[in-house]
Amino acid sequence: MSLLSNIPQQAVLPLSAYDLAALKRAAESADQSFLHADCSAAADKKSVLAAIGRGFRLPDHFGMNLDALYDCLTDLVADRRADKPGFLMVLDKLPDSDEFDAKSRNALLDVFRDAADFFDDHDTGFRVFYSVNK
């Protein structure tokens, strides 16, 4: 039984309950695209979005705002040759600071939840795991 079989196809979940290496192996064995954004050096919204852009290899025209993030996420194309096409994304070490507080973090995660709804309508897995750098 795969680790992913116990996780809904569309989910935005804390990383703390999962092993990052195991998630990566599970994504690879399921032919799901694994995307990782290391946000440990980020301190504010702009630097978080830059880290996501780099980590997820978003296009150069990525506008560095939440609307543009949603547009770029929903433009991603899963490998249709896979038995269960999809994405497994990790937002690693999101900041917890005055410049990127819980309200900012929730707004960011809402974009990923909205993208999960989009991918649900397209029969594509979209699992997002996040951690907070405390």
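**Note on the predicted model**

1. Start with D114. This residue lies in helix α4, which covers residues 102–121. The model is a predicted one.

2. Together with D117, D120, D121 and D123, D114 forms a patch of negative charge on the surface. In a calculation, I would look at these five side chains as a group: D114, D117, D120, D121 and D123.

3. A107 is another residue of helix α4. At 30% relative accessibility, A107 is classed as partly exposed. A107 and D121 are 14 residues apart in sequence. Their C-alpha atoms are 22 Å apart in space.

4. The largest nonpolar core holds 32 residues. The residues with the most contacts inside this core are I52, F56, L69, L91, L108, F112 and F126. Which elements give two or more residues to this core? They are β2 (33–38), α2 (45–55), α3 (66–75), β3 (86–95), α4 and β4 (125–133). The largest share is that of α4, with seven residues. As background, nonpolar side chains in soluble globular proteins tend to be buried together.

5. Two backbone angles deserve a look. D31 has a phi near 55 degrees, which is positive although the residue is not glycine. D31 is found in the loop between α1 and β2. Is D31 buried or partly exposed? D31 counts as partly exposed, because its relative accessibility is 44%.

6. M64 is placed in the loop between α2 and α3. Its relative accessible area is 33%, so M64 is partly exposed.

7. Last, R25. This residue belongs to helix α1, residues 20–29. R25 counts as exposed because its relative accessibility is 51%, and the class begins over 50%. R25 and S2 are 23 residues apart in sequence. In space, their C-alpha atoms are 9.8 Å apart.

How values were computed: Residues numbered from 1 in each chain as written. Predicted model: local features only at pLDDT ≥ 70, side-chain atom pairs only at ≥ 80, totals over all residues. Heavy atoms only, no water. Helix = DSSP H or I, 4+ residues; strand = E, 2+ residues; numbered from the N terminus. Buried < 20%, exposed > 50% of the residue type's maximum accessible area, 1.4 Å probe, protein only. Patch = residues over 30% accessible without salt bridge, like charges linked within 9 Å, V, L, I, M, F, W, Y side chains within 5 Å. Areas by Shrake-Rupley, 256 points an atom, 1.4 Å probe, with all protein chains shown as cover. Salt bridge = Lys/Arg side-chain N within 4 Å of Asp/Glu carboxyl O. Lys, Arg positive; Asp, Glu negative; His and termini not counted. Charge placed at Lys NZ, Arg CZ, Asp CG, Glu CD. Core = buried A, V, L, I, M, F, W, Y, C linked by side-chain atoms within 4.5 Å.
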